[in-house]
Amino acid sequence: SSGLTLSVSCLQPSCFGYPLSIFFIIINEFCERFSYYGMRAVLVLYFKYFLQWDDNLSTAIYHTFVALCYLTPILGALIADSWLGKFKTIVSLSIVYTIGQAVMSVSSINDLTDHNRDGSPDNVSVHIALSMTGLILIALGTGGIKPCVSAFGGDQFEDDQEKQRTRFFSIFYLSINAGSLLSTIITPILRAQECGIHSKQRCYPLAFGVPAALMAVALVVFIVGSRMYKKVQPQGNIMTQVAKCIGFAIKNRFRHRSKEFPKREHWLDWASEKYDKRLIAQTKMVLKVLFLYIPLPMFWALFDQQGSRWTLQATTMDGNFGAIQIQPDQMQTVNPILIILMVPVVDGLVYPLIKKCKINFTPLRKITVGMFLASLAFVAAALVQVQIDKTLPVFPAAGQSQIKVINLGTDNATVWFEPQIQNVNVTSTESTAYMTFETSQLLSFKVTSGNKITTQPTKLSEGSRYTLRVKNNATDIVAELLFDNVTSKPEEGNNLIRFINNLPDTINITMGDTSFGTLASLSASNYNLFPGGREYKITAIINSMPCSVISKTLGFGSAYTIVINKCTGENLDVTYSEDIPPNTVHMAWQIPQYFILTCAEVVFSVTGLEFSYSQAPSNMKAVLQAGWLLTVAVGNIIVLIVAGASKLSEQWAEYVLFAALLLAVCIIFAVMAYFYTYIDPSEIEAQLDEEEKQVKKDQDVYEKQGEADSQM
């Protein structure tokens, strides 16, 4: 036996009392989670801005992908336990995963189909096909290895290393959150960079490429440790046995449905003809827990909207935190940061305090509180949304047009919109807000300024905005309608800027590094995009002489028309006319909803797994793990159904709807939990052992008796 021990210890080198192999597993998990969460952080914005999908389609595809990622673990567990073993399953599915991440990165290369080099893909369907292929491969990979990696880590320990194994699972969970936190900070920064061969774009290839590279690193690290691993042979999957046992019980019960057959205590007892008492008892315990899982998906339906709806909410907010500028997709980092802070606080401070107050805070009560808190977080999100909606501009609906007036002259002007709709006074160098008209009713406008009058017919197109430029010259009044081709707020906190030349000379204008070209007197440039949160130098070349001014600090999500009035010395005199107001609700207002949701996650998620493990027999842990992951998948499917069926036009109303649904489910769960009786699986198993021993004893006695009888 000493020789055997020696060979095992040679195979299993250790470090600080831990098998050396688990360090490879932890590094692998860190890289894999970095890869997954990094890609997922920028995914919804990739759909919206690169593939040009609307908010609803982006949200739907995002949640379909997440649901797939949580459905495939069942497949992974079956392959590992019944066929390939954990090691081979992890390696083969990691290869699929790495290919998926690489395909995703290639799908986001703008220059792939941008033949006319205008900065947008000419054939979007190629990019859609590639990214969907990539996402399916990623879902297969990440889901397939999810149930194997942690269990494979647990396999590395000997039976007497219980303490080290428990510590390993804590470090393992920490590496998941560390990977998630770092990637959610880093990938949005990479996305915000400008890159491209022919035209500069948001750098999605880099944002997806870095996770792909880390997945390749994860795979290499895992294979390098190959010789050190303790590889357990596949034992056959307990899930299939449980499913067969349940199936047989139902079939048998159906066969014996007539009155002549006596009833049995539990419907699963109908499987006793084919399956042993132990498996039936274990299946009963599992089903008891799985029944409690039925209401849980509703929690995940709300929780996973952090990556979709909440990220889209952040795009309409002001991300200026003084020294740093936060990207909308970086707000998700609040969750892993708070998790790392909250888990020790809740375990070390909150729970002991509750215990001191003589409150019996059972696992099921914790889960109920978690659901209630998540519902509260969505109420907070709805309140923030109401504030955002107040700042959003109103654009013309079908059958309407909008006009604003800019007075470029030195005299005040009055504009009448005919026939007798309304009139407006505009002081010199000022502008009005947009006024809304029924397109068919507005036939002409009349302008008076000083002692001059001009009347002009109008022909407007529906759903459009216009700027009416008015100037009282020495000889006449110039009144021209300018088409404003902007009917939505600039995305990602960018600003739209255009210029009107109010000088008698032709000028050449640049702002920052962007040239607006040559502008004749009283003409307007096109709009150009500028990132928010900073100032820009505006330079006008007038008769070969440069004249400049530093712009005001631009906000986020605004549009301005800048009028160039005169040049004194080398200083340019400009006035700003606000076409679309900037985002004014600060992103920091999202922190309360993230905080409440993280508190919910700490009491819900951690407790849920703990409770499942405590209520299930030792060999059924995998079945419950699969059931738990299934609740996440179903939760994401619920988002698709509710968001698709609700047809709510207001986003805040959708948040309230989700909060109300979860609250209703929370009450149902509380009632179910109230009637649940806690069990001790080890006690039941010991009882079964005792019974089996007794049966064996009886059999032995019976056999001996039989032998004695035969000798007589």
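Guide: Start with bends: the bend at a residue is the angle between axes fitted to the seven residues ending there and the seven starting there. Helices (H or I, at least four residues) and strands (E, at least two) are DSSP runs, numbered from the N terminus. In this structure, α2 has a kink of about 40°, centred on L43. This is a predicted model, in which local features need pLDDT of at least 70, side-chain atom pairs count only at pLDDT 80 or more, and totals for chains, interfaces and linings use all residues. Residues are numbered from 1 along each chain as its sequence is written, and side-chain values use heavy atoms, with hydrogens and water left out.

Visitor: How many of the residues of α2 are buried?

Guide: Buried means under 20% relative accessible area, exposed over 50%, and partly exposed in between (1.4 Å probe, protein chains only). In α2, 26 of the 30 residues are buried, so the helix is largely enclosed by the rest of the structure.

Visitor: Which residues touch the most other members of the largest nonpolar core?

Guide: A nonpolar core is a set of buried Ala, Val, Leu, Ile, Met, Phe, Trp, Tyr and Cys residues joined through side-chain atoms within 4.5 Å. The largest one here has 133 residues, and L43, Y46, F65, F299 and M371 touch the most other members. The largest share of this core, 16 residues, comes from α2. A second, separate core has 20 residues, including M511, L554, I562 and V574.

Visitor: What does F299 touch?

Guide: Contact means heavy atoms within 4.5 Å. Not counting residues up to four places away in sequence, F299 touches G370, M371, A374, A600, E601, F604 and L662.

Visitor: Is D329 buried or exposed?

Guide: D329 has 0% relative accessibility, so D329 counts as buried. The residue is found in the loop between β6 (324-325) and α12 (334-356). Residues up to four places away in sequence aside, D329 touches A41, V42, L45, T184, P188, R191 and T311.

Visitor: How many aromatic pairs are there?

Guide: Rings of Phe, Tyr and Trp (its six-membered ring) pair if their centres lie within 6.5 Å; planes under 30 degrees apart count as stacked, over 60 as edge-to-face and the rest as tilted. By this rule there are 42 aromatic pairs. One of them joins W310 and F378, whose ring centres are 5.3 Å apart with planes at 35°, so the pair is tilted. W310 lies in helix α11 (residues 309-314) and F378 in helix α13 (residues 363-391), so the pair ties together parts 68 residues apart in sequence. F378 also pairs with Y655: centres 5.6 Å apart and planes at 80°, so this pair is edge-to-face. Y655 is in helix α16 (residues 651-674), 277 residues from F378. Both F378 and Y655 are buried.

Visitor: Which residue has the charged end of R465 over its ring?

Guide: A charge sits over a ring if NZ of Lys or CZ of Arg is within 6 Å of the ring centre and within 35 degrees of the ring normal. R465 sits over the ring of Y434, 3.8 Å from its centre. R264 lies over the face of W270, 4.1 Å from the ring centre.
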